[in-house]
Amino acid sequence: MIYLESPSVDPAFNLALEQFVFDDMDRSQEYFMLWQNDNAVIVGKNQNTAEEIDSNYVREHSIRVVRRLSGGGAVYHDLGNLNFTFITAAGNASQMDLHAFNRPILKVLSRLGAEAFCNGRNDMTIAGCKFSGSSQYIRGGRILHHGTLLFDSDLSVLSHCLHVQEDKLSSKGIRSVRSRVTNIRPHLREDLTLSQFWGQLLQLLKEEFSFRSYCFTEKELLRVREIQAARYDRPEWNYGPSFRGCLKKERRFEGCGKIQAILETREGCLHQIAFCGDFFGSASFDDLTDRLRGCPLNLSSLEAALYGLDLEPYFHGLKVPQLIDLLLQ
């Protein structure tokens, strides 16, 4: 496995760097990367950015907002947080396994004295509090799995800049986003700086994966900046279109996440439809929305339109009857 480090803490650059490694580097190799972003909110591919952040707080505190390629929910990054990325062949994987790449991290933390666990869809926790969220992007026979490691982050900023809806908090039996997160540092056997933690994490993971280090060339970094300019610097990508549908249907599904459907109907039929939320899924919605466009908004018509469709590529963990229930609620 090849180990990579980013030369930048610019969030738009680093997401472009991940995409470059995934799309452009030798596909016969596997990659592991550790990297950091300066103050930023990273939103999931399918999210409605305006609903996930406190726009005034983010603007006043110069916090960057950038959308990633993978699904899931918004996360806060600062220089007290360390991010990790695995890029490997998908093999026979037909569905996301969001914990498979987290388990080596848990083993390292255990050796450092922090007893951590995988919880829920994609979280890692210590003493019941979340310190990591992870997500995956699957395309062309490859997986990009990335996650956060809150080591010594400013959790007060995190709680101010992110909007976490009440249904998500209540489903976990907690009162606030601040009370459900923790940093790793207080739970270690011996106190470490982030730099020391980075070094020990890398050293212990080397024992499992036999890393070979690689440095990016200037030509490669120029290509990364081109990707950054074309996608991750663009407000259209980071904030998305302004949804103006007449109807908004929203529900949180166990094992899938929040799905919001924004509908425009004409004479009782679906004219336009868009989906957003913190669910996971890698497929474009074009085929799904084409099936639904023009469909009467009733049970029999929706069942006929969606008959035989596997929703897994669009909404990990969702079944057709559940989607129909959402559209008809």
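## Two nonpolar cores

A nonpolar core here is a set of buried Ala, Val, Leu, Ile, Met, Phe, Trp, Tyr and Cys residues joined through side-chain atoms within 4.5 Å, where buried means under 20% relative accessible area, exposed means over 50%, and partly exposed is in between (1.4 Å probe, protein chains only). This is a predicted model, so local features need pLDDT of at least 70 and side-chain atom pairs count only at pLDDT 80 or more, while totals for chains, interfaces and linings use all residues. Residues are numbered from 1 along each chain as its sequence is written, and side-chain values use heavy atoms, with hydrogens and water left out.

The largest nonpolar core has 33 residues, and the ones with the most contacts inside it are Phe32, Leu34, Leu149, Ile184, Phe197 and Leu201. At least two residues of this core come from each of strand 2 (31–35), strand 6 (81–89), helix 4 (103–111), strand 8 (123–126), strand 10 (142–150) and helix 7 (194–209). Helix 7 gives the most, with seven residues. Helices (H or I, at least four residues) and strands (E, at least two) are DSSP runs, numbered from the N terminus.

Take Ile184: setting aside neighbours within four places in sequence, Ile184 is in contact (heavy atoms within 4.5 Å) with Leu109, Ile126, Phe131, Leu149, Leu150, Phe151 and Phe197. Apart from this core lies another, of 28 residues, with Leu4, Ala16, Tyr31 and Val66 among them.

Three strands make up an open sheet in the order 4-3-5, with mixed pairing; two strands pair if DSSP finds at least two bridges between them. Strand 4 (64–67) and strand 5 (75–77) stand at the edges with a single partner strand each, so one side of each has no neighbour in the sheet. From one strand to the next, the twist averages 25°.

Strand 3 (residues 40–43) and strand 4 run parallel, joined by four bridges. Ile42 has Val66 as its bridge partner in strand 4. Helix 1 (residues 11–24) lies across strand 3 and strand 4, at about 20° to strand 4. For such angles, axes are lines fitted to C-alpha atoms, for helices over the stretch in contact, and angles run from 0 to 180 degrees between N-to-C directions.

Gln228 sits in helix 8 (residues 218–232). Which residues is Gln228 in contact with, leaving aside neighbours within four places in sequence? They are Asp10, Ala12, Phe13, Ala16 and Asp233. Gln228 counts as buried because its relative accessibility is 10%.

Over in strand 14 (residues 269–277) there's Ile273, which is buried at 9% relative accessibility. Not counting residues up to four places away in sequence, Ile273 touches Ile262, Leu263, Thr289, Leu292 and Leu327. Ile273 and Arg293 are 20 residues apart in sequence, but their C-alpha atoms are 7.4 Å apart in space.

## Positive phi in two loops

Ser210 isn't a glycine, yet has a positive phi of about 55°. Ser210 is in the loop between helix 7 and strand 11 (212–213), and counts as exposed at 56% relative accessibility.

Glu267 is another residue other than glycine with a positive phi, near 55°. Glu267 belongs to the loop between strand 13 (257–266) and strand 14, and is exposed, with a relative accessible area of 85%.
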